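This briefing covers selected local features of one protein model, grouped by topic.

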Amino acid sequence: MKFIVSRDVLYKNLSAISGVLGSSSTLPILDNFLFTVEGDMLTLMASDLDATMTATVQLTNVEGEGAVAIPSKTILETLKLMDDTPVVFDIDMENYILKFSAVNGEYDSSCFPGEEYPAMKTMEEPLSFDIESSILQRAISKTLFATGNDELRPNMMGVLCELSNEDITFVATDAHKLVRYKNMSVKVEDNISFILPKKPITQLKSILTGVNEKVKVEYTTNTHHIRFSFGNIVLFSSLKEGKFPAYQAVIPVDNPNIFEVNRKDFHKSICRVGIYSNQSTYQVRISLSDEKTVITAEDLDFSNKAEEDIKGSYTGETMDIGFNSKFLREMLENLDSNEIALKMSMPNRAALLIPTEQDAPDEDLLMLIMPVMLNV
């Protein structure tokens, strides 16, 4: 089997699908890309069994057809160090020897029978909807950072997607923070929800950057699978099983104490003061009153202490509330608006961070952060 392909095209597409490869796969064959040639089309595949990605590339000067598994690290590292040039692949399908050559060199490597590579699973009678790539990328970006890492609570190690005839909602939480992103421009007839696993949607977020087209989303709730298709890319993944926490119950409705502030100023202040916080709790204290707002932190073990006044508008009762500065900083970094509002009820109840003006008319973004107990 022989074919010619552009180095840039091949490297771009292999890089796009490489994110689903497992770092320590139980199946050695999954350390490879599957190259399948049919007619003048090359299909590239990467998989870790839970998620599979494919990309199709048009070829020139094709001789023969077939499928071989090619070591992913070898091919990626070689292509990365090449200039853009046509690359000639010549594969001995009997002895499974790969030769590929460019203008200034020739490289030999072993490869493996394509039959050993797990096939992409099929979906029977999936439900589907279309979504703009920019909306999907934004929804994932705004929620992914809030997913959990606790393997004892696997239902939090992903992003909840809720579909309805009113909107699409993405929710992520790790029990310390929660993010809910709604977009009212995407609607479906049925009310359905499922949990998107973290690894494949992290890859999806990456490759959707700069893409400007609709993404077709197909899913099955009985077999718990989902497929995203756009351009020449297909991402197929298992869905997380289990029940997502009843997040609506933890979002406080009555929050009379409101601190409105410039997001960048607040973020910088939290970053600076947070340096002096205890490095196990990262606790910062926010003292709110009609007169002024003060952010403080201290680490008694190292005699570190910091205090800053910050300009903002506060309405409500005088109160002190504590937060993990790392969580608060992360949430502020994932907001876009210039002005934000910190809405609170009591020092021991969840607080809300919301943009004072939503970035798009069809969007609704809400972030929730749990307070920490203050040292007296």
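Helices (H or I, at least four residues) and strands (E, at least two) are DSSP runs, numbered from the N terminus. The model is predicted: local features need pLDDT of at least 70, side-chain atom pairs count only at pLDDT 80 or more, and totals for chains, interfaces and linings use all residues. Residues are numbered from 1 along each chain as its sequence is written, and side-chain values use heavy atoms, with hydrogens and water left out.

**Backbone with positive phi**

- Asn-61, a residue of strand 5 (residues 60–63), is not a glycine, yet its phi is positive at about 55°.
- Asn-61 is exposed at 57% relative accessibility; buried means under 20% relative accessible area, exposed over 50%, and partly exposed in between (1.4 Å probe, protein chains only).
- Ala-175, also a residue other than glycine, has a positive phi near 80°.
- The loop between strand 13 (168–173) and strand 14 (177–183) holds Ala-175, which counts as partly exposed at 37% relative accessibility.

**The two faces of helix 2**

- In helix 2 (residues 72–80), Ser-72, Ile-75, Leu-76, Thr-78 and Leu-79 are buried.
- Exposed Lys-73 and Lys-80 sit on the face turned away from the buried side of helix 2.

**Glu-106**

- Strand 9 (residues 105–110) contains Glu-106.
- Glu-106 is exposed, and its relative accessible area is 56%.
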